[in-house]
Amino acid sequence: MTGFIRRFAVAFLGLSLMAGLAHAQMDERRAEAELISDRVSVAPGDTFYAALRMQMDDGWHIYWRNAGDAGLPPRLILKEGTSLPEDAVGEFLWPLPHLIPVVEGEIMDYGYDDEVVFAFPVTVPQDASGEIKIVAEADYLICESICIPESADVSLTLPVGAPVENAGAGAKIGEWIARVPTAFPGEARIDDATEPWRLSLRLEAGFPEDAHIRFFPFNHEISHPAAQPQRAGPDGASLSLTPDRTGSVSDTLDGVIRIDAPGAEPVGYEISAARGEIFAGTADREVQAVMPGKGLGSAADGAAPLGFERIVMLAFFALIGGLILNLMPCVLPVLSMKALGMVQAAASGRAGELKSHGLWYTGGVLISFVALAGALLLVRQATGSATLGFQLQHAPTVAILALVMFAVGLWLMGFFELGSSVQNLGGTLANRGGAAGAFFTGVLAAVVGAPCVGPFLGAALGAVIGQPAPAVIAVFLAMGFGMALPFLILSFVPGLHRLLPKPGKWMDTLKQAFAFPMFLTAAWLLSVVAGLAGAGAVGWTVAGATALVFAIWLGRQGGGLRKGVAALALAGAFVYPAMQANVPTAPVSGSSQAAFTGSYGEAAWSPETVQAMLAEGRPVFVDFTASWCASCQVNKLTTLKTRKVQEAFKDANVAFLVADFTQKDPMIAEELKLRARAGVPMYLWYPAGASEPQILPEILTQELVIGLVQG
Amino acid sequence: MILSRRHLSLAAGMAAAVALTAGALIASTAEAAPSADVGSSAPAFTGTTSNGETVSLADFAGKTVVLEWTNDGCPFVKKHYATPPANMQSLQASAAADDVVWLSVISSRPGSQGHVSPEKANELTTSRGAAPAHVILDESGDIGRLYGAKTTPHMYIVTPEGKLVYDGAIDSIPSAKVEDIAKAENYVTAALADLSAGKPVATASTKPYGCAVKY
């Protein structure tokens, strides 16, 4: 009995607590809602604007007419007590919304934060007298990270008589009506023949320079979170739209475009894009417009810290990648020089100097990586896009790199000495010039490492490449720091250098042995030069190498005149081959892809080919590769070109397409960007009948590929 | 001698670093895999239930499977669990009666709304009178992302042959109001009826509504 009473009491207490909570919640809405109007009094037959004004708490948002992936648009439900017929109260005029990235890249909503005013026209009946009254419930879903459905009772009463404006509320409503998208003063078309769809916007007056354009659909034909890569031309602009998994265009694609130009209020236009081919002059070049300022709206409250976390995570991967760079065949020899210097210094009791040299070395690496990031940003600025390995698509750069590798090889061989700083390895650190030596070893390590940056860091850099400059620089700095880290630790952790082996003759032998990877790297870079600029450029680069040797030989003879000639020869050795490589030769473009394809893939890649193959019901494998991409070559040799894999492809009737990115190719660059990759390799696998590919790891194995094909 | 030992440990360390990075890269690529498409095979998954069991989609081959993304704190989920009319519970009960496997999936990340301990998940099942075959705790969000689940609720139906035949909302009126349930057309009921009648699912794909999944 007492048990029953206790249970009853608890239940009662619980109920009353819940009632109390419910009550508290009613009073603690996350938004204030009220009805306002641009009139103090109205005349019969008048049409005026009333509006639902909402003021949201910080961090909370409500939704546009299309809420996006989740959420619900607000509604005004007329209730009893309203003195107007239902058709006298018009629909909401929806102000231009902003993006609400709920989960970056996965869930995107459209809406408003802070304040929003939904105006709607009201027509006063001819027979109205006394007063008119709107009694309604504002029904809305309000979300922060969680969502709460709320409703507020709102009402508006206006006397009927001589019409009098309400200046204050009228101005407020006018300000928000001005933000409602107007009819597009140009023409819009949607080309949904291939994916991604292309939304072409022809506008005679043109779009403002650097304007960021985003399409907000009224329905759900497109993927809301997908990026909308933008192109422009003299007659307008176009956007690439990723269709929703089940999306299709019935007659027209309807929605709103939001134009954010730097330093201007966003502008919205309502469009109804008819199906058809895109307009000429709207997609000539890529535009990398950045949504200015508060364009992403609540991103500042919710998604921005997440973005920061992501960048920190990417920086961490970049750091590990930088560490691994130390193992690259082209970097290892340079680093071993540094290591040998440390061995010598530690052995001769000058361990104290290790610290400052460790710092100088780190500085050299970091500055070089910032320079690389800067170059990447410049390329991005100039061409609208940048991919990793861009430095290897520029023939003069590759020619110079080949010569640098050759020179480093000669130096390792002991063919010449770089001033006093490397006179003998032990002496390096003793000299005043040791700091500069350490610094330039860092620079050299970064320079020779540059060709190898791509493979391991593709994913990390791919994600960051479209980000604002500070994020790009931060990730590159992390990569440089990772590269310098082993030496930094060796320099700073006391006692660690005692673990270093004793110096001896083995150091000379090792140093000379390391020359061979450098020569091989040079040979590989020569083959890249051949692919980019033809055999002539290779000839000139080899001539440059000869001039280099000549200059060193002359320099060793001594004498002022000889030194002068040597310096000239040295300069010529680098400059002339670079100039030759820059001379446009017979069109190599296409020919290399054709040759490559003939011996390797089934056909050259293009989005149309993929669609055609898929339409035939065949699975498709696409290899995005380049002759300068080391890991592409490794994958080709160990996996793709092997008989087992080729047979598996044949058995499953796989269409094996090759996209050769050895030379710049805007179509391939766009595809890489679409898949958020910074460069090659990229492997796409479309199972038979699939419309979207699976992106495979950058390191392939036979088992993985065969497993997929037989899957 | 010292040299070789040093080199050995250096090599081992570097190999570990390579493996780590490669693993991270592969993991991050796997995330980019495409999600489920109506009409094709439902992606295979393995998850841990609130009772600590490991279940895979493959375990239910030969039976129709319903996937329900849920988050007990979400007002849209509350709408469909509100009693009366106990909409979700009665769907689950009739599914069980028809030998249809009902899997409720919780993809809320730890610390976010809807993320619950296994005990709490079971308590929710009991206290709400729910009858799913299993409650899968997917706090990594892997299964949710695999299927492209956007909202709670978000419903999927897989045929006994493993084909995905429904992806979308639970019913036709997107609101958080209980009184709308009676007026709405329930897409899951309709799809299951089509299936048991041996017909193709008439409405196979709809726009899900609700709270965003708390990945």
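Among the contacts in chain A between residues at least 6 apart in sequence, 80% join residues at least 24 apart, where two residues are in contact if their C-beta atoms, placed from the backbone, lie within 7 Å. This is a predicted model, in which local features need pLDDT of at least 70 and side-chain atom pairs count only at pLDDT 80 or more, while totals for chains, interfaces and linings use all residues. Residues are numbered from 1 along each chain as its sequence is written, and chains are lettered from A and ligands numbered from 1 in the order in which they are written.

Chain A has 19 helices and 25 strands; helices (H or I, at least four residues) and strands (E, at least two) are DSSP runs, numbered from the N terminus. Of the 711 residues of chain A, 44% count as buried, a residue being buried if 20 or more other C-beta atoms lie within 10 Å of its own, exposed if 12 or fewer, and partly exposed in between, with C-beta atoms placed from the backbone.

Let me turn to the cores. A nonpolar core is a set of buried Ala, Val, Leu, Ile, Met, Phe, Trp, Tyr and Cys residues joined through C-beta atoms within 7 Å. The largest has 112 residues, and those with the most contacts inside it come from chain A, namely A:Ile62, A:Leu141, A:Ile142 and A:Leu199, and from chain B, namely B:Val66, B:Ile157 and B:Val188. Strand β9 of chain A (residues 131-143) supplies the largest share of this core, 7 residues. Leaving aside residues up to four places away in sequence, B:Ile157 touches B:Thr64, B:Val66, B:Val165, B:Tyr166, B:Val188, B:Ala191 and B:Leu192. There is also a second, separate core of 79 residues, which includes A:Ala399, A:Leu444, A:Ala537 and A:Ala578. As background, nonpolar side chains tend to be buried together in soluble globular proteins.

Now to the strands, beginning with chain B. All of strand β4 of chain B (residues 101-106) is covered in the sense that 6 of its 6 residues are buried. Strand β3 of chain B (residues 65-69) pairs with β4(B) in the parallel sense over 5 bridges, two strands being paired if DSSP finds at least two bridges between them, and B:Trp69 stands opposite B:Val105 in β4(B). Strand β5 of chain B (residues 134-137) also runs parallel to β4(B), joined to it by 4 bridges, and there B:Val135 is the bridge partner of B:Ser104.

In chain A, strand β17 (residues 236-241) is largely enclosed by the rest of the structure, because 5 of its 6 residues are buried. Strand β14 (residues 197-202) of chain A runs antiparallel to β17(A), with 6 bridges between them, and strand β16 (residues 230-233) of chain A pairs with β17(A) in the antiparallel sense over 4 bridges. A:Ser238 in β17(A) is the bridge partner of A:Ser200 and also of A:Arg231. A hairpin through 2 residues joins β16(A) to β17(A).

An open sheet of 5 strands has the order β21-β23-β22-β24-β25 in chain A, with mixed pairing, and its edge strands, each pairing on one side only, are β21 and β25 (694-696). β21(A) pairs with strand β23 (residues 655-660) of chain A in the parallel sense over 2 bridges. A:Ala603 is found in β21(A), which spans residues 603-604, and stands opposite A:Leu657 in β23(A). Why does A:Ala603 count as partly exposed? The reason is that 14 other C-beta atoms lie within 10 Å of A:Ala603.

Helix α15 (residues 607-615) of chain A lies across β21, β22 (620-625), β23 and β24 (682-686) of chain A, running at about 160° to β22(A); axes are lines fitted to C-alpha atoms, for helices over the stretch in contact, and angles run from 0 to 180 degrees between N-to-C directions.

Finally, helices α17 (residues 643-651) and α19 (residues 702-710) of chain A pack at an angle of about 10°, with their axes 9 Å apart. That makes α17(A) roughly parallel to α19(A), since angles under 35 degrees count as roughly parallel, over 145 as roughly antiparallel, 65 to 115 as roughly perpendicular and the rest as oblique.
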